[in-house]
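Please view the sequence and the structure before reading on.

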Amino acid sequence: MSQDSRGEADDAPRTEGDLTKTGMSLRHDREWDYELDRIVDAVEERGAETVGLQFPEGLKRRGPRVADDLRSELPDDVSVMMSGQPCYGACDLDTYLMRRTDVFVHFGHSPMKESDKIIYVPLFSNVDVFPIMERAADEQLSPAEEDPDVGLVTTAQHMNKFDEMRSWLEERGYTVHTRKGDDRLTHEGQVLGCNYASADVDADQMLYVGGGKFHPLGLAMEHPDKKVVIADPVNNAVSVADTEKFMKQRYGAVHRAMDAEEWGVIFCTKIGQGRWDQAQEIVENNENAYLITMDEVTPDRLTNFGLDAYVNTGCPRITTDDGPQFKQPMLTPQEYRIAIGEEPLEDLAFDTFHGTW
């Protein structure tokens, strides 16, 4: 059996998400499949002269290496550019660069809205998910003979293993419940940081397979009647989503905002994050509320306005992830209604985002 220059069998089959048979001399981390061969094909088919690349924040440092590998496979007269704009999801496209390139590649997320102009590369992970699923089943899921019903969700990076995950659970006696959420979600069983519609299934326990705790925390907030088990194959950790600390933080922000006299209402201009109707309604019904349009919402930018509190109608994660960093209270639209007395505090819920642009 012959070997290629990287010591890999060149006649071994290539599985989805596997980097070893791309034909590219990849110098960056091989945990992700950048699908460079698909990009090269698209450039050739479209006769493209310019290619734009957009990476999420955590992968920008790999961008130059990906660009190097892509340039080595493209004709010399094809220009490759990278977006320096912040990018936190498929809702966050660099529309300026997109309009000025023949092929625009968005890495790290599955399509939120199909487009002939955009190539979405979800960056499927090669991490083996089954050892951590085994631990989750042993340590946190109810035994199948006691409660066979389990909901299964994951993120875009692990969707290439979703069918295998479902089969793995079924082989152990579980009845697996899955569904595709609304139009904001591409795949059955997929969750986003702002949308958990795929978890609306007939099961009291949910298994989330993926990295980090934010997605399962949002899921547990959106579905407080469900036990959300986290199987994190990236950090090799098993846990159960606990919303108590998060809820205390949100209650604290609402209480601090109850004395606010002047409000800033933020409308995010990112293509997939605008909730104009909500922003307009708040401003129209509160003479002490001011509409502020922004693409990137940061504490420094808001401090300059000198208002007492803010309502974020853009990405919910601005409020939930970054909320403690803001000097003034930063609320979701529903938290704003609670702060001004229109809704009771006990009804506080996680802010979710539905629909596309």
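## Basis of the description

A residue is called buried if its relative accessible area is under 20%, exposed if over 50%, and partly exposed in between, with a 1.4 Å probe and protein chains only. Helices (H or I, at least four residues) and strands (E, at least two) are DSSP runs, numbered from the N terminus.

The model is predicted: local features need pLDDT of at least 70, side-chain atom pairs count only at pLDDT 80 or more, and totals for chains, interfaces and linings use all residues. Residues are numbered from 1 along each chain as its sequence is written, and side-chain values use heavy atoms, with hydrogens and water left out.

## A covered strand

Strand E10 comprises residues 263-268, and six of its six residues are buried. In a regular strand the side chains alternate between the two faces of the sheet. Both faces of E10 are covered, with Trp263, Val265 and Phe267 buried on one side and Gly264, Ile266 and Cys268 buried on the other.

E10 runs parallel to strand E11 (residues 289-294), to which six bridges join it. Two strands are taken to pair if DSSP finds at least two bridges between them. Val265 has Leu291 as its bridge partner in E11.

## The open sheet and its helices

An open sheet is formed by four strands with parallel pairing, in the order E2-E1-E3-E4. Its edge strands, E2 (79-82) and E4 (118-121), each pair on one side only. On average, neighbouring strands are turned by 20 degrees against each other, direction ignored. Strand E1 (residues 50-54) is joined to E2 by four bridges, and Leu53 stands opposite Met82 in E2.

Helix H1 (residues 36-46) packs on this sheet and touches E1, strand E3 (103-107) and E4, where contact means heavy atoms within 4.5 Å. The direction of H1 makes about 170 degrees with that of E4; axes are lines fitted to C-alpha atoms, for helices over the stretch in contact, and angles run from 0 to 180 degrees between N-to-C directions. Helix H2 (residues 63-73) lies across E1, E2 and E3 and runs at about 170 degrees to E2.

## Helices H4 and H5

Helix H4 (residues 130-139) packs against helix H5 (residues 162-171) at an angle of about 35 degrees, and their axes are 11 Å apart. Phe130, Met133, Glu134 and Ala137 of H4 meet Glu164, Met165, Trp168 and Leu169 of H5. These contact residues divide into six nonpolar, no polar and two charged; Ala, Val, Leu, Ile, Met, Phe, Trp, Tyr, Cys and Pro count as nonpolar, Asp, Glu, Lys and Arg as charged, and the others, Gly among them, as polar.

Within H5, the buried residues are Phe162, Met165, Arg166, Trp168 and Leu169. Seen down the axis of H5, they fall within an arc of 160 degrees and therefore line one face of the helix; the arc is that of the directions from the helix axis to the C-beta atoms. They pack against H4, strand E5 (149-154), strand E6 (175-177) and strand E7 (205-209). The face turned away from the buried side carries the exposed residues Asp163 and Glu171.

## Positive phi values

Glu35, in the segment before H1, has a positive phi near 50 degrees although it is not a glycine. Glu35 counts as buried because its relative accessibility is 14%. Leu123 lies in the loop between E4 and H4, and its phi, near 60 degrees, is likewise positive in a residue other than glycine. With 1% relative accessibility, Leu123 counts as buried. Just after H5, Gly173 takes a positive phi of about 95 degrees.
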